[in-house]
Amino acid sequence: MKAVHLTDTTVDRRRFSLGLPLLAAGAAYPLGAPAANAAPGGKAPIVTHHRTTTIDGIKIFYREAGPADAPVVLLLHGFPTSSHMFRNLIPELAGRYHVIAPDYPGYGQSDMPARATFSYTFDRFGELVDGLLDQLGVKRYAMYVMDYGAPVGWRLALKHPERITGLIVQNGNAYVEGLKEFWDPIKAYWSDHSEEHRKALYVLVAPQTTKFQYTDGVSDVSRVAPDNWIHDQALLDRPGNAEIQMDLFYDYRTNLPLYPQVQAYFRKHQPPTLIVWGKNDKIFPADGAYPYKRDLPKVEFHLIDTGHFALEDKADEMVPLIRDFLNRKIAA
């Protein structure tokens, strides 16, 4: 490598020392290349904080970013992932909003208490998220609900309808029309709670199924980072986690009797709602998206040409829709 010589040896030491941090930061990038996470206009990148707190004796992990006094956006994740699914969305929103994304027990970095001492139910998840919001002093918030995040979020909305400032629904069900063929083996388990039907569901926590959730219905799989299913599978493979997931598959049956109440909430309160739904999803197909129009006639409705985890390959299409919706409907 050719040596580099300084042609001007007269250097202001104070200016040189102040410039060292900038030189160190710049060394990570090729000359002329911007930092990957740099915000537009040369602004500093958004910092996401990774925090843990205790709610009812359970350690709950959550990601938090944005101004503390800004309107709150609560991000509620699906199965089999965690707040990790929002890692790219958070900095896109946190310049203007206070963003909070928790992990439920048994997911991500939150506690995974023993089934003998903790009930893995959507009721319990809703209580813990509600407790987290109370602890953080959050009284009003918009919700992004996806997959399992929908039944968690619906419980919050039914308990505190006055707190909800808006809804972003991405492949999150509130209508029986949305439970199609994929759910038949799970419905069989609901019918008798038998060991035979429980064992038939273990395929849903197998590596091939985890990968399927990220890649099925995606036209360009190169846009989806394989770290996703590797990350999720490592957590699913923790001793005892598969049994937790079986418990939650069985408890999902408790969501169906709530659907009429959720729909009544929609009709009465008419929360501003944005649908950004992966239309190729076999788990929560678009059949479950259309019925929102019955109860929310002003819903902003977008079917996205992708699968279950739509943010992974279509963030460039979804983020502008989400920002525009939030800016018009909930921004202070």
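A salt bridge is a side-chain nitrogen of Lys or Arg within 4 Å of a carboxyl oxygen of Asp or Glu. R115 and D247 meet this rule, with their closest N and O atoms 2.6 Å apart. The pair links distant parts of the chain, 132 residues apart: R115 sits in the loop between β4 (98-102) and α3 (122-135), D247 in helix α9 (residues 241-251). Helices (H or I, at least four residues) and strands (E, at least two) are DSSP runs, numbered from the N terminus.

The model is predicted: local features need pLDDT of at least 70, side-chain atom pairs count only at pLDDT 80 or more, and totals for chains, interfaces and linings use all residues. Residues are numbered from 1 along each chain as its sequence is written, and side-chain values use heavy atoms, with hydrogens and water left out.

**Charged pairs**

Side chains of opposite charge can pair when their charged atoms come close. The salt-bridge count here is 20. One of them joins R51 and E64 at 2.8 Å, N to O. R51 belongs to strand β1 (residues 49-55) and E64 to strand β2 (residues 58-65), so this bridge ties together parts 13 residues apart in sequence.

Another salt bridge pairs E312 with R87, the closest N and O atoms being 3.0 Å apart. E312 is in helix α12 (residues 311-329) and R87 in the loop between β3 (72-76) and α2 (89-93), so the contact ties together parts 225 residues apart in sequence.

How accessible are these partners? Buried means under 20% relative accessible area, exposed over 50%, and partly exposed in between (1.4 Å probe, protein chains only). The table gives the values.

| Residue | Relative accessible area | Class |
|---|---|---|
| R51 | 32% | partly exposed |
| E64 | 12% | buried |
| E312 | 11% | buried |
| R87 | 24% | partly exposed |
| R115 | 40% | partly exposed |
| D247 | 19% | buried |

Salt bridges can also share partners. In this way D130, D134, K159, E162 and R163 are joined into one network.

**Aromatic pairs**

Rings of Phe, Tyr and Trp (its six-membered ring) pair if their centres lie within 6.5 Å; planes under 30 degrees apart count as stacked, over 60 as edge-to-face and the rest as tilted. By this rule there are 26 aromatic pairs.

Which geometry do Y104 and Y107 adopt? Their ring centres are 6.0 Å apart and their planes stand at 80 degrees, so the pair is edge-to-face. Y104 is buried, at 1% relative accessible area. Y107 is buried too, at 2%.

Y107 also pairs edge-to-face with F125, at 6.3 Å centre to centre and 85 degrees between the planes. Y107 lies in the loop between β4 and α3, F125 in helix α3, so the pair ties together parts 18 residues apart in sequence. F125 is buried, with a relative accessible area of 1%.

**Charge over a ring**

A charge sits over a ring if NZ of Lys or CZ of Arg is within 6 Å of the ring centre and within 35 degrees of the ring normal. K293 lies over the face of F301, at 4.0 Å from the ring centre.
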